[in-house]
Amino acid sequence: MSHPNTSLLERWFKLAEKGTTVRTELLAGFTTFLTLCYITIVNPSVLSQAGMDFGAVFVATCIASAIGCFVMGGLANYPIALAPGMGLNAYFTYSVVMGMGVSWQVALAAVFVSGCIFIAFSLFKVREMLVNALPMSLKMAIAAGIGLFLALIALKDSGVVVASEATLLKMGNLYVEQNGAKLPNYPVLLTLAGLLLTIALDYYRVRGAIIISIFVITAIAAGLGLTQIDGIVSRVPSIAPTFMQMDFSHLFSGSLIAVVFVFFLVDLFDSTGTLVGVSHRAGLLDENGHLPRLKKALFADSIAIVVGAGLGTSSTTPYVESAAGVAAGGRTGLTAITVGVLMLACLWFSPLAKAVPAFATAPALLYIGVQMMRSAIEINWKDITEAAPAFLTIAFMPFTYSIADGIAMGFISYAAVKLLCNRAKDVPPMVWFVAVAWLAKFWFLGA
């Protein structure tokens, strides 16, 4: 006779139908958690540079991730975890708040509105139509460009790359001079060591490669006196500094409408691509290659964005690291719910998160950049009308320090190149619309 709790889980998640067990799902959830729990450290580190309270963002990250996982697992029954997205948090901090001089409260309002749009679009299948209408080369180029953008942020924040009057950028020194002596430049060296460690751990399929690397570099930094660890467990920090702090007063100016659009566009490709990609690896696509219950999955993603903005974090999105749990046998929403429970357990470990220096999280950003650059493989480099717009999209993101400008250049150049090469019929109507919208934005509002 089966245990009543097991029977309930069986009925809700259809474990036998999916060829899995409670034990397998729990193990898969723990595996996924190990691969993405670094976000509880990295996300507050990034958003705190926008002036947000580190502790509050830490709490918002954990709770928003948990809610996203619960909704995805309970409603859509997919083994896909959600958390604040890398790239989206970088755009929030470096492009919107620091680049445009917008307050983080207004930026949170932009995230909230983009989530509301997602909810509406998910209910009426507009989101699926938008994704299917856009060229593969632009979708892949956006992902690759964000990877380079994250890499530049990591290299800059850790001192591996520094400013140069002659060449704009140059490599930072591996040593510093002090009292006439040359001493190791530990932030630079530890950043490079952390990246190599992460790569090696990943190569040998060690679970939690990123978080292990972060902790190892932090421990070394503490031993060298570069950071201080004031305990591991403590009371949960207050979320009050960021909770419901959204400011809608200046949101609907022309430049901020463009910000909402970019949040929407980047998450559109990121979330949908991850959902389809991970589901494909799990064998969850139907015979036509479509994702059953896609509407519910997209709705779960949208709810997580809105809730996350209210709590005080940038857009929450499905994580490609969920593939690690799938590889461990995860096939149902019980995997995602397990991740959510573990994310909530992280709430009591804020002192450890605060002790992590920027050069310990920089390797994580560089490693994620490597993963995102893989998307460039899917671009048709033999067709110059596809390759050139893709290249401009990728190049403009790091070189203009703006994800938005990279996306804009990609759409504008795609339409222009196809038109000049007498292939205007290859341009989907949605691309024409977006290209014209960006041109109007630049003409009337500037870059």
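The following dialogue concerns a predicted model and the reasons behind some of the terms applied to it.

Visitor: Why is Thr218 called buried?

Guide: Buried means under 20% relative accessible area. Thr218 has 2% relative accessibility, and therefore it counts as buried. Thr218 is found in helix 10, residues 209-223. Beyond its neighbours within four places in sequence, Thr218 is in contact with residues including Ile229, Val356 and Pro357.

Visitor: What makes the pair Arg423 and Asp383 a salt bridge?

Guide: The cut-off is a side-chain nitrogen of Lys or Arg within 4 Å of a carboxyl oxygen of Asp or Glu. The closest N and O atoms of Arg423 and Asp383 are 3.1 Å apart, so the pair qualifies. Arg423 lies in the loop between helix 18 and helix 19, and Asp383 in the loop between helix 16 and helix 17, so the pair ties together parts that are 40 residues apart in sequence.

Visitor: Why is Asp383 called buried, and what is Arg423 called?

Guide: Asp383 has 16% relative accessibility, under the 20% limit, and is therefore buried. Arg423, at 26%, counts as partly exposed.

Visitor: Which residues are linked with Arg423 in a network of salt bridges?

Guide: Asp383 and Asp426 are linked with Arg423 in this network. Asp426 meets Arg423 at 2.9 Å, N to O.

Key:
Residues numbered from 1 in each chain as written. Predicted model: local features only at pLDDT ≥ 70, side-chain atom pairs only at ≥ 80, totals over all residues. Heavy atoms only, no water. Helix = DSSP H or I, 4+ residues; strand = E, 2+ residues; numbered from the N terminus. Buried < 20%, exposed > 50% of the residue type's maximum accessible area, 1.4 Å probe, protein only. Contact = heavy atoms within 4.5 Å.
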